[in-house]
Amino acid sequence: MIGPKKLSEIRAELRAGFDMTDKELLAWFNREIQALERQEPTGRTGRETMRSLRDALLAPAKKRNALSGKRKGKKKGSRIILKGS
Amino acid sequence: MGFVGRVEYQHAYSRSGGAQYGLAVTPERDLLTVYAEAFERDADPEEFSLEAIIAHERGHQVLARHPRLARIVPAMMSGVTEEILASLVGSLLVGTEKDRQDLLLKAWEQASRLAMPGEQALAWLTHLREMLGRLL
């Protein structure tokens, strides 16, 4: 179960765990990513994880496929008509 | 997402956050129950998408059913540990950066419940996800 806690609450709680400004935190993440790049056994997934966590906290990606968004993009006349009812 | 088994929709609200995985005797009988709030969350641009919610549940199934993972992952682990692993596996299955970020945040939040400092939790999650990525 993913649980009922809102994503915004999760982000705020995790962000509060770092007593740094956004600029300092960004620099810290970038140093960690550089350190991972220097470590031989760490592969692409490890660096991708750290990058995604950095962005999740500081510059979250936008949802593109929300149902509301899909509805907006729906073309006129694309409704399904049930025959014989 | 690759879920194997039965999928049910319940037009009801649960405390699950949107979906729940049920382990059965065989994979074909496993049950994924999706609740009404999954669609409400999906419609909110600031919330988990339906894909992320289902990927997390598929993560539970992979942990239970994947031949290599099922051998390595201990049968008796805490609920928190299982939720962390399910989110990490889910983050490897999703197709968008937004869903990946959201599932990683969920795993991180769960790891913080283990009284692990934020920086240590990050290093642990990074290592764990790397290992899962190699196994899957």
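In this predicted model, ring pairs join Phe18(A), Trp28(A), Phe29(A) and Trp108(B) into a cluster. Over all chains, the count of aromatic pairs comes to six. One of them is formed by Trp28(A) and Phe29(A), whose ring centres lie 5.2 Å apart with 75° between the planes, an edge-to-face arrangement. Both residues of this pair can also be described by their accessibility: Trp28(A) has a relative accessible area of 9% and is buried, and Phe29(A), at 0% relative accessibility, is buried as well.

A further aromatic pair is found in chain B, where the rings of Phe3(B) and Tyr21(B) have centres 6.1 Å apart and planes at 85°; because planes over 60 degrees apart count as edge-to-face, this pair is assigned to that class. The pair links distant parts of the chain, since Phe3(B) belongs to the segment before β1 of chain B while Tyr21(B) sits in strand β2 of chain B, 18 residues away. Phe3(B) counts as buried at 18% relative accessibility, and Tyr21(B) counts as buried at 16%, because the limit for a buried residue is a relative accessible area under 20%.

| Residue | Relative accessibility | Class |
|---|---|---|
| Trp28(A) | 9% | buried |
| Phe29(A) | 0% | buried |
| Phe3(B) | 18% | buried |
| Tyr21(B) | 16% | buried |

Strand β2, which holds Tyr21(B), is part of an open sheet of three strands in chain B, with the order β1-β3-β2 and mixed pairing. In this sheet β1 (6-10) and β2 (19-22) of chain B stand at the edges, and because each has a single partner strand, one side of each is left without a neighbour in the sheet. On average, neighbouring strands of this sheet are turned by 20° against each other, when direction is ignored.

Strand β3 of chain B, residues 31-35, pairs with β1(B) in the parallel sense over five bridges. Within this part of the sheet, Tyr9(B) has Val34(B) in β3(B) as its bridge partner.

Helix α1, residues 36-43, lies across β1 and β3 of chain B and runs at about 60° to β3(B). Helix α2, residues 50-65, packs on the sheet and touches β2 and β3 of chain B, with a direction that makes about 15° with that of β2(B).

Notes:
Residues are numbered from 1 along each chain as its sequence is written. Chains are lettered from A and ligands numbered from 1 in the order in which they are written. This is a predicted model: local features need pLDDT of at least 70, side-chain atom pairs count only at pLDDT 80 or more; totals for chains, interfaces and linings use all residues. Side-chain values use heavy atoms; hydrogens and water are left out. Two strands pair if DSSP finds at least two bridges between them. Helices (H or I, at least four residues) and strands (E, at least two) are DSSP runs, numbered from the N terminus. Axes are lines fitted to C-alpha atoms, for helices over the stretch in contact, and angles run from 0 to 180 degrees between N-to-C directions. Contact means heavy atoms within 4.5 Å. Rings of Phe, Tyr and Trp (its six-membered ring) pair if their centres lie within 6.5 Å; planes under 30 degrees apart count as stacked, over 60 as edge-to-face and the rest as tilted. Buried means under 20% relative accessible area, exposed over 50%, partly exposed in between (1.4 Å probe, protein chains only).
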